[in-house]
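Open the structure in your viewer and keep the selection panel at hand. The tour goes stop by stop.

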Amino acid sequence: MPSKTGHARNMESESRVSIYQRFGVESIINACGSVTRLGGAPMPEEVLEAFRQASEVSVSLEQLQAAASRKIAEHTGTEAGLVTSGAAGALTLGAAAILARHDLRRMEQLPHCDGFPHEFIIAREQRSGYDHAVRASGARLVEVGFNEIVSNAGVRRTEPWEYVAAINEQTAGIVYVHASDSQPALSEVIKVARQRGIPVLVDAAGEVPPRSNLKAIAATGADLVAFSGGKAIRGPQSTGLLCGKRELISSAALQLLDMDDHGQLWDPPADLIDLTLFDGIPRHGIGRALKVSKEEIIALLTALELFSSGAYDAQNQEYRRWLEQIAGELEQANVNATCSLVIPECSERWPLLEIQIEEDKVGTAFDVCRKLREGTPAVYVGHARLHEGLLSVNPLCLRSDQVSLLAQRLCELLK
């Protein structure tokens, strides 16, 4: 019996792809994982059904986001939360909340920050294209530190004193990109921030699983934390979570919600927006372009409940069988490659299959990857280590009926 939390495998393959074919787009085999460019993770049937039911009636988005705030707070151990347009939207709103707080003039002025603090300190080694989401709020990033290990110039990485040295009257906050090996530790950065009264915004987009990170990251004292809703949580790919201090979530909500109402009629939920912190009613904020629908909010909350309950964990054994099948078929075909199954220490994470190819016999990994994409059906495998001659297969977005076909395509190109 197929699991409801699986990939809706009880549906016929033809019905899955027909809607795309109707518009002239062919479906692909996604062995790359929950990347946005390939549509994200599959949503469980419970999430899809919640989305459908939510579409059938109207609700107040203020009331709905307030309910979402309570549920997110419960799952993250924070004061409040907000459903956003992906983790990137959460970062933009989080930065905007820190910049403007409940100053309505500043809200109206963003992304122009003339006349008030707008610098966010970030470790140079934590810079990436994703920090554009923070800069979109009007924030100016100030880099600190070096990663001398990577640059082969020493043994040190960014250190706490470098954050301290960069703080001045224009400092509005600190941005921290969370990873298992981020340096300095978040707790050390939080200590610096607390001493100087500066808020910390944490980018934890892909930091679940483990589920414990939903609470553990915020428990360090971070003021705001951003998570993706469309990866391991398996909500709509366009959703994210922003959680943290109630006052900042209130500001973020004000800059996200539709504010087209009369001041004398406007009565938002007090546990989402604290009317005692400001006078008047703001115009549409910088987050208006980042709106989320009622269907997305309900779907994400449903997915969050499933994720937090451990409902997805059992699938990891099925994923392992799929990868073992692919590796077995490649070995039987005597391909010019070596397969390695990577089993994470954390049981909440799914396994991966790494395929080290013999480039002198089959061409470069880039050649193989390109041919996989150009075939029918197109196959997208993990490409982060192509420069090492290595392909990876992430099973999260595969379907059971694609496993043998994927193995066949790999065999054809690696024999």
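**Stop one: a loop with a positive phi**

Select Arg 234, in the loop between strand E7 (224–228) and strand E8 (240–244). Helices here are DSSP runs of H or I with at least four residues, strands are runs of E with at least two, and both are numbered from the N terminus. This is a predicted model: local features need pLDDT of at least 70, side-chain atom pairs count only at pLDDT 80 or more, and totals for chains, interfaces and linings use all residues. Residues are numbered from 1 along each chain as its sequence is written, and side-chain values use heavy atoms, with hydrogens and water left out.

Check the backbone of Arg 234: phi is near 70°, a positive value in a residue other than glycine. Most residues other than glycine have a negative phi, and most peptide bonds are trans. Is Arg 234 buried or exposed? Arg 234 is buried, at a relative accessible area of 2%. (Buried means under 20% relative accessible area, exposed over 50%, partly exposed in between, with a 1.4 Å probe and protein chains only.)

**Stop two: another positive phi**

Go to Asn 334, in the loop between helix H12 (315–332) and strand E9 (337–342). Its phi is near 55°, again positive in a residue other than glycine. Asn 334 is exposed, with 66% relative accessibility.

**Stop three: two cis peptide bonds**

Select Gln 183 and Pro 184. A cis peptide bond joins Gln 183 to Pro 184, with omega about -5°. Pro 184 sits in the loop between strand E5 (171–177) and helix H8 (186–196).

Now move to Pro 209 and Pro 210. They too are joined by a cis peptide bond, with omega about 10°. Look for Pro 210 in the loop between strand E6 (200–203) and helix H9 (213–219).

**Stop four: two buried helix residues**

Select Glu 296 in helix H11 (residues 294–309). Glu 296 is buried, at 15% relative accessible area. What does Glu 296 touch, not counting residues up to four places away in sequence? Show Phe 51, Pro 236, Ser 238 and Thr 239. Contact means heavy atoms within 4.5 Å.

Next, pick Ser 251 in helix H10 (residues 246–256). Ser 251 is buried, at 0% relative accessibility. Leaving out residues up to four places away in sequence, Ser 251 touches Ala 96, Ala 97, Arg 101, His 102 and Met 107.

**Stop five: helix H14**

Select residues 365–374, helix H14, and colour Ala 365, Val 368, Cys 369 and Leu 372, which are buried. They cover an arc of only 100° around the axis, which puts them on the same side of H14. (The arc is that of the directions from the helix axis to the C-beta atoms.) An α-helix has 3.6 residues a turn, so residues three or four places apart point the same way. Now show what the buried residues of H14 pack against: strand E10 (352–357), helix H13 (359–362), strand E11 (379–381), strand E12 (390–393) and helix H15 (403–414).

**Last stop: the whole chain**

Zoom out. The protein chain has 15 helices and 12 strands. Along its principal axes, the C-alpha trace spans about 70 × 60 × 35 Å. Buried residues make up 51% of the 415 residues.
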